[in-house]
Amino acid sequence: MEEKNIIYDCSRGCTTERTENGELICNYSHSCCKLADFDWLEGISDPKFSNLYEVRFKNTRKGFYENTSHQLLKTGDLVVVEAATGHDVGIITLSGPVVGRQMVRAHFDMDTKELKKIYRKARPLDLEKWQEAIARESSTMIRARQIAAELGLDMKIGDVEFQGDGSKAIFYYIADERVDFRQLIKVFAEEFRIRIEMKQIGARQEAGLIGGLGVCGRDLCCAKFITNFQSISTQAARCQDLSLNPQKLAGQCGKLKCCINYEVPVYLDAQSRIPQVNAPLEFMDGQAWLVKVDVLKGIMWFSYEQGNASKVTPLTVEEVRRIKAANQKGSKPATMLKDSDSGDIGFVSSIGDDSIDRFDKKKKKKKKKKPLRNSGDKEKANSNKKTERK
């Protein structure tokens, strides 16, 4: 079978292919689509949302449209939709009652906001213009960065998105301070001969637009399913006993990783069951100081020497509560040490965990042969070799 020349455009979630006759075929590819949707209300009909559709464009940009053409449309169809100036080309990702749920989630009020229209299904001529506009995006972005650098503007252009008819382009940029675009837009208009729209985004939004792989080996969460970014602080890392190393906590956007917030509720719930130990526990044989707490297992380690983590004894949360209650009443248990205490502290220091070659197999050193001292030993060695050969 002949291999097909299929090009995967994951930024728009579609594949393009040229037939032998030169015809362009574009299909929706759900597997390589950023922020792909799942219609969990599939098969359920609602007359209120029968003509409403969610249409996606490049990267994470989506919109809600009304089918005024009365054509039979379904998920995966490429359609020509209304734009502020001209028309655009997008892909239908959702239809039916689930679109209403998405509107509520996006705070889209149909009473105050007007739905844009779907004109028709995309024709071959529309697809040709669409692909021609897409082909200009990479060169336009490189040239736009050069122009911004020549004008001395403190900004970074992260991505460029052309409209389906090629008459307009959206320039996504990042800037820490306010940027004066008056001269920049004039130069862009003269250089590219299109309408210009500048849209500022944050570092997290840029990572979602561009995409990539995280340290876990999976797609970035911001490009896969996250739409609303929550504030992340180092307190979320502290409550999980994570190392406060900026290189480990920061993602590709340079900000704290979004996944730090995932397990925070579990740790906060577990910490609520851990008793507060602000003073050492009193025993007949001395005072025991808190060294470490395993929040999820509910185990607390104590040592008779303050700050010494080499000789520690694990105690459960229930045992610590009983000992604290006894100390408050004025009584002291005999000792903290247990008969079955074998010295296993249950945790190790993180020193050495960052070694690059910690997983490599160590090579065994070859033993060096001892030199022969005198000529008599040499003769014996030669005679032994001759006898072995015989």
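Biologist: Which elements are included in what covers the buried residues of H5?
Modeller: In this predicted model, H5 has eight residues and six of them are buried, so the helix is largely enclosed by the rest of the structure. The buried ones are Ala203, Arg204, Glu206, Ala207, Gly208 and Leu209. Their cover includes S9, S10 and H6.

Biologist: Which strand gives the most to the lining of the largest pocket?
Modeller: The largest pocket holds about 1,200 Å³ of space. Of its 42 lining residues, the closest to the centre are Thr60, Arg61, Lys62, Gly63 and Lys199. Elements that each supply at least two lining residues include helix H1 (97–105), strand S11 (195–200) and helix H5 (203–210). With four residues, the one that gives the most is S5.

Biologist: How many residues of that lining are charged?
Modeller: The lining of the largest pocket has 19 nonpolar and nine polar residues. The charged residues number 14.

Biologist: In S3, which residue stands opposite Thr16?
Modeller: Strand S2 (residues 14–18) has four of its five residues buried. S2 pairs with S1 in the antiparallel sense over four bridges, and there Thr16 is the bridge partner of Ile7. S2 also pairs antiparallel with strand S3 (residues 24–28), over five bridges. In S3, the residue opposite Thr16 is Cys26.

Biologist: Which residue with a positive phi lies in the turn between S2 and S3?
Modeller: The hairpin of S1 and S2 has four residues between its strands, with Gly13 in the turn at a positive phi of about 70°. The hairpin of S2 and S3 has five residues between its strands. In its turn, the residue with a positive phi, about 85°, is Gly22.

Definitions and conventions
Residues are numbered from 1 along each chain as its sequence is written. This is a predicted model: local features need pLDDT of at least 70, side-chain atom pairs count only at pLDDT 80 or more; totals for chains, interfaces and linings use all residues. Side-chain values use heavy atoms; hydrogens and water are left out. On a 1 Å grid over the protein atoms alone, a cavity is a set of points where a 1.4 Å probe fits but cannot get out, and a pocket is an open set with protein on both sides within 12 Å along at least five of seven lines; lining residues have an atom within 4 Å of a point. Grid points are joined across faces, edges and corners, and a volume is the space filled by probe spheres set on the points. Ala, Val, Leu, Ile, Met, Phe, Trp, Tyr, Cys and Pro count as nonpolar, Asp, Glu, Lys and Arg as charged, and the others, Gly among them, as polar. Buried means under 20% relative accessible area, exposed over 50%, partly exposed in between (1.4 Å probe, protein chains only). Contact means heavy atoms within 4.5 Å. Two strands pair if DSSP finds at least two bridges between them.
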